[in-house]
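Please keep the structure open while reading this note. The points are meant to be checked one by one.

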Amino acid sequence: MEPQLLHCVTDSVATVVIHHPAKRNAMTAAMWRALPPLLGTLAADPGVRALVLTGEGGTFCAGADISTLQGSPQEAQGLAVAAEEALAAFPKPTLAAVRGHCVGGGSQLAAACDLRFAEEGSLFGVTPAKLGIVYPASSTRRLAALVGPAATKYLLFSGELIGTERALRAGLVDEVLPEGELGKRVAEFTRILASRSQLTQAAAKEFADGRTDRDDHWAEQARGSGDTAEGVAAFLERRQPRFTWNVPTPG
């Protein structure tokens, strides 16, 4: 099978799989280009309430396919940044499910997700210093917002790989699961995400990411959504709420 991004939607959760096992799921130029339109399609699907990004088999992503850097490193980096920004802008909750190596462009993608769950024994690294590449400013700032400036400098200065214990301590990972338990936990947690109010999630995502120009927009959405009334009624009636607000489709 050619290197590609596979995807499916099950129980309101979209799963995107990085599939290039011959090179530990390294991202080719074609795969970087394919990610933004795929995310756009999934974001516009009202049946999708959360997204999981993972890798085929026992590796998340070993980074960019180095052969793509032989032509124009700047062009290759631009493709990676565009894919990262599209993932960060996805309007519904995103979760990276990490097994094995999550390195270079793989860490770039994982950091662009809202949450990261990892299997014990996984390894994380940001490795441009090994290639003499200036890591993109936007990616560096995103990483620093996630783990802080000291941990960002450690990762970028050294290019060293860190394990799940240190990644959890630094805030790069939100949960670490024993071997064989990652899939079950991700399925369980995304079911929870899919059952919650998309209105709450979408507003919280923008606020937490630092957007400051949409306070009035979200206040207006809350007034007209019906989600609050449904949530309160469900609580008083001791039943599961049936939230109906959905992320508007662009255009």
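This is a predicted model: local features need pLDDT of at least 70, side-chain atom pairs count only at pLDDT 80 or more; totals for chains, interfaces and linings use all residues.

1. Six strands form an open sheet in the order 1-2-3-4-6-9, and their pairing is mixed. The edges are taken by strand 1 (4-10) and strand 9 (175-177). Each of these has a single partner strand, so one side of each is left without a neighbour in the sheet. On average, and with direction ignored, neighbouring strands are turned by 20 degrees against each other.

2. A helix on the sheet. Helix 7, residues 182-195, packs on this sheet. Its contacts are with strand 2 (13-19), strand 3 (50-55), strand 4, strand 6 and strand 9. The direction of helix 7 makes about 160 degrees with that of strand 6.

3. Strands 1 and 2. These two strands run antiparallel and are joined by seven bridges. Thr10 stands opposite Val13 of strand 2. The two strands form a hairpin with two residues between them, and there Asp11 takes a positive phi near 50 degrees.

4. Parallel pairs. Strand 2 pairs with strand 3 in the parallel sense, over six bridges. Val13, which has Thr10 opposite it, also stands opposite Ala50 in strand 3. Strand 4 (residues 94-98) and strand 6 (residues 115-119) run parallel as well, joined by four bridges. In that pair, Val98 has Ala118 of strand 6 as its bridge partner.

5. Asp11. Along the chain, Asp11 and Ala194 are 183 residues apart, yet their C-alpha atoms are separated by 8.3 Å.

6. His19. This residue lies in strand 2. The cut-off for buried is under 20% relative accessible area, and His19 has 10%, so it is buried. Strand 2 as a whole is mostly covered, with six of its seven residues buried. Leaving aside residues up to four places away in sequence, His19 touches Met1, Glu2, Pro3, Gln4, Leu6, Asn25, Met31 and Glu56.

7. Leu199. Helix 8 (residues 198-208) holds Leu199. With a relative accessibility of 7%, Leu199 also counts as buried. What does Leu199 touch, not counting residues up to four places away in sequence? The residues are Trp218, Gln221, Ala222, Ser225, Asp227 and Trp245. From C-alpha to C-alpha, Leu199 is 9.4 Å from Thr228, and the two are 29 residues apart in sequence.

8. The largest pocket. This pocket has about 900 Å³ of space. It is lined by 35 residues, and those closest to its centre are Ala88, Asp114, Lys205, Glu206 and Asp209. Which element gives the most to the lining of the largest pocket? Helix 8 does, with six residues. Among the other elements that supply at least two residues each are helix 1 (29-43), strand 6 and helix 9 (215-225). The classes in this lining are 22 nonpolar, five polar and eight charged.

9. The second largest pocket. About 540 Å³ of space lies here. Of its 28 lining residues, Ala64, Gly104, Gly105, Thr127 and Leu131 lie nearest the centre. Helix 2 (73-88), strand 5 (101-103) and helix 3 each supply at least two residues of the lining. The largest share, five residues, comes from helix 2. The lining divides into 17 nonpolar, seven polar and four charged residues.

Note on methods
Residues are numbered from 1 along each chain as its sequence is written. Side-chain values use heavy atoms; hydrogens and water are left out. Two strands pair if DSSP finds at least two bridges between them. Axes are lines fitted to C-alpha atoms, for helices over the stretch in contact, and angles run from 0 to 180 degrees between N-to-C directions. Contact means heavy atoms within 4.5 Å. Buried means under 20% relative accessible area, exposed over 50%, partly exposed in between (1.4 Å probe, protein chains only). On a 1 Å grid over the protein atoms alone, a cavity is a set of points where a 1.4 Å probe fits but cannot get out, and a pocket is an open set with protein on both sides within 12 Å along at least five of seven lines; lining residues have an atom within 4 Å of a point. Grid points are joined across faces, edges and corners, and a volume is the space filled by probe spheres set on the points. Ala, Val, Leu, Ile, Met, Phe, Trp, Tyr, Cys and Pro count as nonpolar, Asp, Glu, Lys and Arg as charged, and the others, Gly among them, as polar.
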